[in-house]
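Please look through the sequence and the 3D view below before reading on.

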Amino acid sequence: MPFELPKLPYSFNALEPVVDAKTMEIHHDKHHAAYVAKLNDAIAKHPELRGKSVEELLKDINSIPEDIRTAVKNHGGGHANHSLFWEIMTPKSGNPSEAFVSEINKMFGSIDKMKESIVLNGMGQFGSGWSWLVVSGGKLKVYATANQDSPLMNPASPAGGGDIPILGIDVWEHAYYLKYQNKRDEYLKNWWSVVNWETVERNWANAQNR
Ligand code: MN3
């Protein structure tokens, strides 16, 4: 099988009480596992695509054979988005470095204003989707996408090759409903206390070199 479900870098209950253990277990073992399985089913129909990374597939989504393009967009997006999501959460949140904060201040005014925009975008996303912090043409940007659409496929990216997601919050109901029910705003506000700033910052640094 070309794609595999990555292991969670912590236990199911590690992010309690912000994200409850049951949500984490179903989210990783059922939802993410299903995206991986369905992505593999799609790729099995086109062996010429084997060996490509999920990022490569998404960046070049319009060159994917039409009969599997929607499956790659949805399940490849689901695989890429969740793989990032697990890595940018941690029970030991910490703080972003001065260099990163100064870049955030330059673009958004303050870290609180950036968080506020990401929360607002997440609240404004009707139905399922994600709220993102991306690097777009070398600059930090925030926006939301529907369903499992990855910023890597963004056709409006100034670089032309999509944006690079460095932080993303899953706003599908499966990400919060067991604990928060209809209170998406509460989930979005609490979520910041489990952000792995070290990883977000590493993603930011890597995005500069691409
Ligand atoms: Mn999800």
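How many of the residues of β3 are buried? Seven of the seven residues of β3 are buried, and this strand is therefore described as mostly covered, where buried means under 20% relative accessible area, exposed means over 50% and partly exposed lies in between, worked out with a 1.4 Å probe on protein chains only. The model is predicted, with local features needing a pLDDT of at least 70 and side-chain atom pairs counting only at pLDDT 80 or more, while totals for chains, interfaces and linings use all residues. Residues are numbered from 1 along each chain as its sequence is written, and side-chain values use heavy atoms, with hydrogens and water left out.

## The sheet

Helices (H or I, at least four residues) and strands (E, at least two) are DSSP runs that are numbered from the N terminus. Three strands make up an open sheet in the order β2-β1-β3, with antiparallel pairing, and two strands are said to pair if DSSP finds at least two bridges between them. The edges are formed by β2 (139-146) and β3, each of which pairs on one side only. On average, and with direction ignored, neighbouring strands of this sheet are turned by 20 degrees against each other; axes here are lines fitted to C-alpha atoms, for helices over the stretch in contact, and angles between N-to-C directions run from 0 to 180 degrees.

Strand β1 (residues 129-136) is joined to β3 by six bridges, whereas β1 and β2 pair over eight bridges. The table lists some of the residues that stand opposite each other.

| Residue | Partner | Strand of the partner |
|---|---|---|
| Val 134 | Pro 165 | β3 |
| Val 135 | Ile 164 | β3 |

The hairpin of β1 and β2 has two residues between the strands, and in it Gly 137 takes a positive phi near 55 degrees. Eight of the eight residues of β1 are buried, so this strand is largely enclosed by the rest of the structure. Both of its faces are covered, with Gly 129, Ser 131, Leu 133 and Val 135 buried on one side and Trp 130, Trp 132, Val 134 and Ser 136 buried on the other.

## Helices on the sheet

Helix α5 (residues 111-124) lies across β1, β2 and β3 and runs at about 140 degrees to β1. Another helix, α4, contains Ala 99, a residue that is partly exposed with a relative accessible area of 48%. Although Ala 99 and Glu 201 are 102 residues apart in sequence, they are 9.5 Å apart in space, C-alpha to C-alpha.

## Domains and cores

The domain assignment gives domain 1 (21-87) and domain 2 (98-208), and such bounds come from an automatic or database domain assignment. The C-alpha centres of the two domains lie 20 Å apart, and 19 residues of domain 1 are in contact with 24 residues of domain 2, where contact means heavy atoms within 4.5 Å.

A nonpolar core is a set of buried Ala, Val, Leu, Ile, Met, Phe, Trp, Tyr and Cys residues joined through side-chain atoms within 4.5 Å. The largest such core has 46 residues, of which Leu 167 and Trp 191 touch the most other members. Strand β1 gives the most to this core, with five residues. Both domain 1 and domain 2 give residues to this core, so it lies between them.

Where is Trp 191 found? Trp 191 sits in the loop between α7 (184-190) and α8 (197-208), and it counts as buried because its relative accessibility is 0%. Leaving aside neighbours within four places in sequence, Trp 191 is in contact with Val 18, Phe 85, Ile 88, Met 89, Leu 167, Gly 168 and Ile 169. Trp 191 and Trp 172 are 19 residues apart in sequence and 14 Å apart in space, C-alpha to C-alpha.

## The manganese site

Which residues are the protein donors of the manganese ion? They are His 27 (NE2), His 82 (NE2), Asp 170 (OD) and His 174 (NE2), lying 1.9 to 2.2 Å from the ion. Donors are N, O and S atoms within 2.8 Å of the metal (3.2 Å for Na, K and Ca), and water is not among the atoms, so sites may look incomplete. In sequence, the donor residues are spaced H-x54-H-x87-D-x3-H.
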